[in-house]
Every structure is written in C-alpha cells, then in structure tokens.
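Please consider the sequence and the model shown here.

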Number of protein chains: 2
Amino acid sequence: MAGKKVLIVYAHQEPKSMNGSLKNVAVDVFQKQGCSVDISDLYSMNFIAAATRNDITGELCNPQHFRYGAETMEAFKKGVLCEEIIKEQKKVQEADLVIFQFPLYWFSFPAIMKGWIDRVFVQGFAFDFPSIYYNGLLKEKLAILSFTTGGTEEMFSKNGVSGDIRYLLWPMQHGIMHFCGFKVLAPQISYAPEYTGDKERKDMLLSWAKRLETIWEEQPIECTPPWYFQ
Amino acid sequence: MAGKKVLIVYAHQEPKSMNGSLKNVAVDVFQKQGCSVDISDLYSMNFIAAATRNDITGELCNPQHFRYGAETMEAFKKGVLCEEIIKEQKKVQEADLVIFQFPLYWFSFPAIMKGWIDRVFVQGFAFDFPSIYYNGLLKEKLAILSFTTGGTEEMFSKNGVSGDIRYLLWPMQHGIMHFCGFKVLAPQISYAPEYTGDKERKDMLLSWAKRLETIWEEQPIECTPPWYFQ
C-alpha cells in the first residue's frame with residue numbers, strides 16, 4: 001500500500017466540521033501508510049460548479065448551438081479545456097483511490113461537488129462509448145463515498161420516512177462511479193453527527209480510521225440493481 | 001386555470017436547445033391559458049450554485065463553527081438571507097406549479113440547478129420539523145420534473161444498462177420535492193433528443209404542449225417506495 005495515491009474530493013465550508021475531521025483522519029492514516037494524499041478542497045478553491053462555455057478555452061466546434069458534452073469532449077482531445085478542469089483530471093488520473101467526502105444535501109452531493117463531477121468527468125477522459133460501466137475509462141481506480149447525513153439511520157431504513165439509504169446511493173454509485181468504471185468500495189456513512197454526542201462522533205472518526213487501515217484489501221461492492229432494490 | 005401562476009426553473013446554456021424549446025412551449029401554452037409564467041433562467045442569471053456563508057447577509061449565530069443549514073434557517077427567520085435567495089423564494093411562494101426544465105447530468109440535476117435547490121429550499125421556508133413530506137411547507141404546490149436524457153428509453157428500462165428511470169427519480173422526486181410537500185406530477189421525459197430525428201424532436205415538443213393543456217386536471221403520482229422499487 002505504500003506508494004499508493006489517494007485523492008480526497010472534499011466539500012465542506014467549515015474545517016472544524018465532522019466532514020473536515022473525517023478528511024483529516026483519512027490524511028493521517030494514509031500518510032502513515034506511506035501513501036501520498038492530494039486534496040481538492042472545493043469551497044476553499046472557490047470551485048466553479050456551473051458547466052459553461054468558459055470550460056473550453058479554444059474555439060467552439062459549433063458556436064451557433066452550444067452543446068456542453070460535445071464541446072468538452074472535443075476540447076479534451078485538443079487539450080483546450082480550462083486550467084481548473086485539466087488540473088483536477090490530472091489528480092484523478094494519478095489516483096489509485098478517490099474518496100468523496102461530503103455532507104448529504106437533499107439525498108445527493110452538495111452542488112459544488114456535483115459541479116466537480118459534471119465538469120471533470122468529461123467524455124474521452126472518464127468514459128466513452130462503448131467504454132462505460134465495467135469498461136469505463138477509470139476502471140483501474142477505486143472510489144468511496146464518505147458522507148454525513150442530517151437524518152438518522154432509522155429514517156434511512158427500508159421502512160423509514162426517507163427509505164433505504166441504498167436507494168439514494170444508486171445514482172451516485174451506479175450512475176456516476178460505476179459508469180466511469182470505478183470499482184466502488186462500500187460507502188462510509190456517518191449518520192446524523194449533529195444530533196449525537198461527542199462520544200458517538202469520536203467513535204465515527206475512529207471507525208473510519210480503523211477501516212482505512214485495511215482499505216486496500218477490501219473488495220468492491222456490487223453496484224447493479226439487485227443489490228439495491230431487493 | 002386562468003390566473004394560476006407557474007414558475008419554470010430552467011437550466012440550459014443554449015436557447016436553441018431542446019430544453020430551451022420545451023421551456024418556450026410551456027410559456028406559450030400557459031400564456032394562452034391566461035396563467036402567469038415566471039422563469040428562473042439559471043445560466044443567464046449566473047446563478048451561484050455553492051452554498052456559502054455569503055448567503056447570510058447579517059451576523060452569523062456561530063461564526064466560530066459555520067453550519068450552513070442552521071445559519072440559513074436563522075437568516076430566513078430574520079429576513080437576512082442574500083437578495084438572490086429571497087427573490088427565488090418569493091417566486092416559489094407565489095407559484096401554484098413549479099416546473100424544473102433541465103438536461104439530466106449524471107443521473108441527476110445539473111449542478112447549477114442542484115445549487116438552486118440547496119440554497120432556496122431553506123429550513124423554515126420549504127420544510128421544518130415535523131413539517132416534512134405530506135406536511136412539507138410547500139404542500140399546496142405542484143411540481144414537475146421535465147428533462148432530456150443522453151441515453152435512450154431502452155437504456156433506462158428495468159433490464160437496461162442504466163436501470164429503470166424510476167430509480168434515479170427517487171432522490172429528486174421523493175427526497176426533494178415530496179420532502180418539501182410538493183404534490184409531484186408525473187415526470188416529462190424527453191429521451192435522447194440528440195440521437196433522434198427532427199420529426200421525433202417535434203413530436204416531443206407537441207406531446208409536452210398537449211399534456212400541458214390539461215395539466216391542471218392531473219392527479220399527483222405516488223412518491224413512496226412501492227411505486228419505484230417493485
């Protein structure tokens with residue numbers, strides 16, 4: 001595991017938050033393992049979330065009718081994506097493992113992290129046709145979603161008001177990570193840290209640290225429907 | 001139906017796109033009905049997607065430890081949210097029907113639209129505890145997701161590579177719209193307009209126009225798990 005490279009894509013406004021602590025714990029464990037860790041701290045970077053024509057620095061293929069997907073695919077091939085995107089793609093390219101560390105906003109990523117995905121996972125870089133799912137272009141890499149929730153574990157159970165947490169994992173794990181070929185490891189879910197005690201929050205951090213110690217031995221989870229919707 | 005108010009939250013960079021045309025069709029139909037239509041054209045507005053402390057114009061409750069949800073809830077009560085959010089909340093408040101018009105990006109909203117949701121649906125405005133789901137604060141309103149896809153209808157079928165489209169509707173329709181109390185009408189899905197002919201694209205626009213003529217008579221769909229995951 002020494003020598004492995006980890007990228008943490010991190011989206012929280014407050015360094016002292018649970019998400020900040022989970023990120024710091026991961027940095028510590030990986031550094032002790034002799035891994036290198038890169039961090040994309042999206043709020044600190046003022047990362048742009050919106051997908052616009054500014055993402056292409058060269059001339060557009062069709063300035064009369066702007067198509068974001070088609071234009072960014074061509075710009076990737078020609079090397080004329082904007083600097084911000086190229087930099088993030090390099091980090092992904094070098095990583096063996098990408099961890100997404102975020103608070104769940106509305107059953108999904110916060111917009112700033114969704115924007116990172118919308119803009120960085122360009123066709124030609126992260127996927128192509130027919131290179132999707134098991135043939136996705138990032139298939140040599142691992143991905144983990146590590147997130148905190150507002151609701152409790154009970155609320156996110158099969159008979160809870162918010163339904164089985166696996167339902168909302170589907171678009172993120174299957175539709176994005178698996179689509180690009182990532183081998184997806186089990187999500188790390190820290191339930192409702194705001195509504196729990198110091199002891200429980202400490203335990204969440206400890207269990208993340210403990211898991212990361214043997215993370216390189218973990219097997220990917222199954223991302224296809226039966227796992228989710230039984 | 002005359003006198004009803006419609007808000008279209010619209011996220012596409014190109015006015016000549018299918019999404020632009022679907023938006024225009026809706027404006028036409030509703031104006032003929034004597035309804036008023038308001039549009040939030042997110043790219044044209046340069047709408048900010050990231051949820052930051054700039055969303056609160058007054059003093060923070062806890063500047064030492066920033067919590068976006070708690071701070072925006074307080075700021076809403078005190079009327080010190082930023083102008084951009086207050087304006088959007090007023091549009092929602094006045095609307096009988098909110099239509100989200102967007103291209104599906106990675107099994108979900110484009111980041112700019114997710115940012116609109118993250119920032120506008122503040123606690124105290126769109127929901128509160130225990131005012132969620134059937135008691136959500138926007139329960140007198142209707143919502144529709146109208147979107148285009150990259151993949152075909154077959155890809156988004158139960159045995160297709162991308163799975164039943166209803167799986168990815170879950171976080172958006174249940175986790176967001178239903179959570180806030182909206183009565184959700186059936187989604188309007190325009191499959192793969194980029195890969196089809198002019199005739200088919202025209203038919204998509206016509207079918208949307210036709211549906212909207214009797215939209216006020218429609219019954220909401222069931223948003224809870226059995227509908228999705230059978």
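In which sense do β1(A) and strand β2 of chain A pair, and over how many bridges? In this predicted model, β1(A) and strand β2 (residues 36-41) of chain A run parallel to one another and are joined over 6 bridges. Within this pairing, A:Ile8 lies opposite A:Ile39, a residue of β2(A). Strand β1 of chain A spans residues 5-10, and 5 of its 6 residues are buried, so the strand is largely enclosed by the rest of the structure.

Attention may now turn to the interface. Chain A and chain B each bring 46 residues to the contact. About 3900 Å² of area is buried between chain A and chain B, and carbon and sulfur atoms give 64% of this area.

The side of chain A that touches chain B receives at least two residues from each of the helices α4 (111-120), α5 (165-178) and α7 (225-229) of chain A. The largest share comes from α5(A), which supplies 7 residues. By residue class, this side of chain A comprises 27 nonpolar, 12 polar and 7 charged residues.

The count of salt bridges between chain A and chain B is 4. B:Glu14 and A:Arg53 form a salt bridge, with 3.9 Å between the closest N and O atoms.

Key: Residues are numbered from 1 along each chain as its sequence is written. Chains are lettered from A and ligands numbered from 1 in the order in which they are written. This is a predicted model: local features need pLDDT of at least 70, side-chain atom pairs count only at pLDDT 80 or more; totals for chains, interfaces and linings use all residues. Side-chain values use heavy atoms; hydrogens and water are left out. Contact means heavy atoms within 4.5 Å. Buried area is the accessible area (1.4 Å probe) that two parts lose on being put together, summed over both. A salt bridge is a side-chain nitrogen of Lys or Arg within 4 Å of a carboxyl oxygen of Asp or Glu. Helices (H or I, at least four residues) and strands (E, at least two) are DSSP runs, numbered from the N terminus. Ala, Val, Leu, Ile, Met, Phe, Trp, Tyr, Cys and Pro count as nonpolar, Asp, Glu, Lys and Arg as charged, and the others, Gly among them, as polar. Buried means under 20% relative accessible area, exposed over 50%, partly exposed in between (1.4 Å probe, protein chains only). Two strands pair if DSSP finds at least two bridges between them.
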